[in-house]
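I opened my notebook to record what I looked up in this structure. The entries follow in the order in which I made them.

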Amino acid sequence: MDIGMIRGLGTLVVMVAFIGLALWVFSPKRKSEFEDATLLPFADDPDAIKHVEQASRSNKE
């Protein structure tokens with residue numbers, strides 16, 4: 001194996017990992033988990049959570 005073959009295999013591994021990660025991130029099964037995670041910075045402030053939830057409801061309509 002020469003350096004070109006090793007670099008090609010490395011590129012292939014990174015590409016497969018990127019595609020797998022993209023599929024995982026954009027999976028509809030994970031949507032609710034990610035929506036919950038978006039509220040984590042506001043966990044200490046109930047008023048901010050209400051404001052963010054109202055804004056997200058108005059964007060969906």
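Where do Glu35 and Lys31 both lie, and how many residues apart are they? I found both in helix 2, four residues apart, about one turn of the helix. Helices here are DSSP runs of H or I with at least four residues, strands are runs of E with at least two, and both are numbered from the N terminus.

Before going on, I noted the ground rules. This is a predicted model, in which local features need pLDDT of at least 70 and side-chain atom pairs count only at pLDDT 80 or more, while totals for chains, interfaces and linings use all residues. Residues are numbered from 1 along each chain as its sequence is written, and side-chain values use heavy atoms, with hydrogens and water left out.

Entry: salt bridges.
I looked up charged pairs next. Side chains of opposite charge can pair when their charged atoms come close. A salt bridge is a side-chain nitrogen of Lys or Arg within 4 Å of a carboxyl oxygen of Asp or Glu. By this rule I count two salt bridges. Glu35 and Lys31 make one of them, at 3.8 Å from N to O. Glu33 and Arg30 also form a salt bridge, and their closest N and O atoms are 3.6 Å apart.

I then checked how open these residues are. Buried means under 20% relative accessible area, exposed means over 50%, and partly exposed lies in between (1.4 Å probe, protein chains only). Lys31 has 52% and is exposed, whereas Glu35 has 34% and is partly exposed. Glu33 is partly exposed at 44%, and Arg30 is partly exposed at 27%.

Entry: aromatic rings.
A pair of aromatic rings is described by the distance of the centres and the angle of the planes. Rings of Phe, Tyr and Trp (its six-membered ring) pair if their centres lie within 6.5 Å; planes under 30 degrees apart count as stacked, over 60 as edge-to-face and the rest as tilted. I searched the whole structure and got one aromatic pair. Trp24 lies in helix 1 (residues 3-25) and Phe34 in helix 2 (residues 31-38), so the pair ties together parts that are ten residues apart in sequence. Trp24 is partly exposed, at 40% relative accessibility. Phe34 is partly exposed too, at 32%.

Entry: the annotated span.
I looked up the UniProt record, an unreviewed entry, and its annotation "transmembrane region" covers residues 6-26. UniProt positions are given in the numbering used here, feature names are shortened, and annotations may be inferred rather than shown by experiment. In the model, residues 6-26 are 95% helix and 0% strand, and the end C-alpha atoms of the span lie 30 Å apart.

Entry: a nonpolar patch.
Patches are made of residues with over 30% relative accessible area and no salt bridge; like charges are joined within 9 Å, and nonpolar side chains (Val, Leu, Ile, Met, Phe, Trp, Tyr) within 5 Å. I found a nonpolar patch on the surface whose members include Met1, Leu12, Phe18, Ile19 and Leu23. Together the patch has about 1200 Å² of accessible area. Accessible areas come from the Shrake-Rupley method with a 1.4 Å probe, and for residues only the protein chains shown count as cover. I took Ile19 as an example: Ile19 lies in helix 1 and is partly exposed, at 44%.

Arg7 lies in helix 1 and is exposed, at 59% relative accessibility. Arg7 and Phe18 are eleven residues apart in sequence, and their C-alpha atoms are 16 Å apart in space. Gln54 is in helix 3 (residues 46-60) and is exposed, with 51%. From Gln54 to Trp24 I read 28 Å between C-alpha atoms, with the two 30 residues apart along the chain.

Entry: the whole chain.
I counted three helices and zero strands in the protein chain. The radius of gyration of the protein chain is 20 Å, well over the 10 Å that the globule rule gives for 61 residues, so the chain is more spread out than a compact globule. That radius is taken over C-alpha atoms, and the globule rule is 2.2 Å times the number of residues to the power 0.38. Along the principal axes, the C-alpha atoms fill a box of roughly 60 × 25 × 15 Å. Of the 61 residues, 5% count as buried. The chain exposes about 5600 Å², and carbon and sulfur atoms supply 66% of it.
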